[in-house]
Amino acid sequence: MEQPAGGRRPRLVSSLALGQRAWEVTLEWERGLLSWRDPQPPRGRHGGNCFVPASEIIAVEETEIEKQCSSGKWQKMAKPHAFTVYYVKRAQKHRWQCNEVTFWCVDEQLCNQWIQALKELLELQKSRPKQLLVYINPYGGKQQGKRIYEQKVAPLFSLASISTDVVITEHANHAKDNLFEVNIYKYDGIVCVGGDGMFSEVMHGLIGRIQKDSGIDQNNPKAPLVQCNIRIGIIPAGSTDCVCYATVGVTDPVTSALHIIVGDSQPLDVSSIHHNNTFLKYSVSLLGYGFYGDILKDSEKKRWMGTIRYDFSGFKTFLSHHYYEGTVSFLPAKHTLGSPRDKKRCRTGCYICRQSKQQPEEQQKNYGLEHNEDEGGDDWRVIKGKFLAINAVNMSCACPRSPKGLSPAAHLADGSIDLILVRKCSRFNFLRYLVRHTNQDDQFDFTFVEVYRIKKFQFTSKHLEDSDSGVKDVGKKRFGQFCRDHPACCCNLSNSIWNCDGETLDSSAIEVRVHCQLMKLFARGIEENSNDEAIYNQSTVEQLL
């Protein structure tokens with residue numbers, strides 16, 4: 001071991017056995033880096049220089065050697081000592097795996113020295129959770145949540161010395177209600193095992209609990225909500241896992257578990273939805289009226305079909321081709337960097353999201369000064385029309401079938417919503433718009449599609465406007481009933497419903513406001529080049545072992 005300079009921690013360098021040969025293994029405290037190099041690679045092969053950042057080491061354990069190596073100086077070891085390092089290995093398509101490498105030492109003292117040094121380095125990773133509260137939905141998706149957790153996730157948590165309290169949910173809103181009762185502050189995070197519905201339930205419970213404890217009235221649409229510093233981890237096990245896909249890049253339980261273990265933190269914008277000063281729901285992905293609301297409404301009646309119900313209901317809704325009349329008022333996000341059409345996608349370490357970090361503090365300072373702005377002024381825009389779809393997204397809403405999502409350049413934590421208005425058009429043109437969600441063409445490049453980056457918006461259906469103004473037309477009501485009985489005709493119905501993160505919301509008049517970085521996930525956003533050779537050169541190690 002090299003001597004420390006100037007009081008700094010030492011740099012640990014040893015010749016250790018990896019497989020059948022001696023490797024030079026180095027632990028650099030200042031850089032937080034474990035690396036190993038083969039000084040004499042076999043003829044015809046390049047030398048391997050492999051490294052793992054301490055932030056991605058999962059655990060270090062002493063290992064018993066049952067079989068001695070039979071070549072070189074290592075066969076002289078009467079009783080070799082060894083330790084195993086478990087670390088994150090990147091695979092294809094943003095997947096992470098738990099990999100391991102075992103080093104053999106000449107004597108016990110050296111082995112213990114390495115184990116102690118590595119464990120001390122892991123103790124410095126303060127963002128890692130030590131105690132988690134886990135909610136498992138055993139009924140969601142293909143009803144595999146409990147099995148996925150027990151077989152794929154729990155062993156990894158145990159390896160990383162994370163203690164857990166597990167709750168198997170028994171009914172709807174079980175997790176939400178439970179979060180108002182337990183002592184959430186003794187946990188480093190909340191983990192939900194299920195789909196987007198399960199995540200939404202945990203999110204509502206956690207945000208609601210924090211606001212209650214802070215004395216915040218959620219029914220006040222202008223109240224500045226208190227940030228939730230307790231992170232939420234998502235283990236995907238549902239029919240849809242949109243939030244997990246948009247924040248990690250893949251819906252893989254092992255990958256998500258490893259992001260939790262290493263203590264990743266990804267801030268996330270949350271939109272609050274109100275009606276007449278009454279809180280309705282929170283949304284983090286899609287708030288859709290018209291097309292996506294009709295799909296959800298129809299699919300809810302066909303749960304017996306499983307996940308194929310979404311395809312069936314989507315095709316049926318497309319053929320129906322209903323449009324809805326209403327008024328959309330919105331406040332543009334003037335001070336937010338970027339635009340919905342700039343093609344700057346949100347990725348790990350996103351510059352635009354980092355620049356928005358101070359927004360929550362400014363919202364607290366400006367509380368009480370936004371009254372005139374909220375009442376409507378020169379900055380507000382009003383659009384009346386006939387719409388096939390009104391979509392407000394906090395994130396791209398990407399999924400395996402739509403890799404770009406509804407708004408490819410939407411950001412996870414920039415304090416804005418992308419509002420997409422699809423006006424009434426022909427069925428053929430609407431199909432062209434939908435197809436562009438699956439290819440690389442600009443899906444907003446249509447005369448009937450408008451997209452805006454906003455901070456707040458309000459919507460009122462024409463049916464509700466007419467009701468408020470006392471307009472009553474018996475003939476229109478009868479014609480509306482005829483259309484509902486014969487949905488294949490292309491006409492407007494009175495109302496759709498809102499698709500709020502995959503859950504129904506019936507109100508036709510809503511007020512929506514985005515809260516910048518209100519909560520945090522155990523994630524880091526989608527990595528730009530997750531398979532880059534420069535991350536670690538693990539293939540060299542695997543070839544030589």
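I take a salt bridge to be a side-chain nitrogen of Lys or Arg within 4 Å of a carboxyl oxygen of Asp or Glu. I worked on a predicted model, in which local features need pLDDT of at least 70, side-chain atom pairs count only at pLDDT 80 or more, and totals for chains, interfaces and linings use all residues. I number residues from 1 along each chain as its sequence is written, and side-chain values use heavy atoms, with hydrogens and water left out.

**Entry 1: the chain.** I looked up the secondary structure and found 15 helices and 21 strands; helices (H or I, at least four residues) and strands (E, at least two) are DSSP runs, numbered from the N terminus. I then noted that 53% of the 545 residues are buried. Buried stands for under 20% relative accessible area, exposed for over 50%, and partly exposed for the range in between (1.4 Å probe, protein chains only). Of the contacts (heavy atoms within 4.5 Å) between residues at least 6 apart in sequence, 76% join residues at least 24 apart.

**Entry 2: salt bridges.** I recorded a count of 17 salt bridges.

I examined glutamate 503 and lysine 281, whose side chains form a salt bridge at 3.0 Å, N to O. Glutamate 503 belongs to strand β20 (residues 503-505) and lysine 281 to strand β13 (residues 278-283), so this pair ties together parts 222 residues apart in sequence. Glutamate 503 is partly exposed at 23% relative accessible area, whereas lysine 281 is buried at 17%.

I next turned to glutamate 56 and arginine 524, a salt bridge with its closest N and O atoms 3.2 Å apart. This pair links distant parts of the chain, 468 residues apart: glutamate 56 sits in the loop between β4 (49-53) and β5, and arginine 524 in the loop between β21 (509-521) and α15 (538-544). Both glutamate 56 and arginine 524 are buried.

I also checked glutamate 28 and arginine 31, which meet in a salt bridge at 3.5 Å, N to O. Glutamate 28 is buried, at 16% relative accessible area, while arginine 31 is exposed, at 60%.

**Entry 3: a negative patch.** I located a surface patch of negative charge formed by Glu62, Glu64, Asp107 and Glu108. Patch members have over 30% relative accessible area and no salt bridge, with like charges joined within 9 Å and nonpolar side chains (Val, Leu, Ile, Met, Phe, Trp, Tyr) within 5 Å. Asp and Glu count as negative, Lys and Arg as positive, and His and the chain ends are not counted. Glutamate 62 lies in strand β5 (residues 57-63) and is exposed, with 52% relative accessibility.

Key:
Areas by Shrake-Rupley, 256 points an atom, 1.4 Å probe, with all protein chains shown as cover. Charge placed at Lys NZ, Arg CZ, Asp CG, Glu CD.
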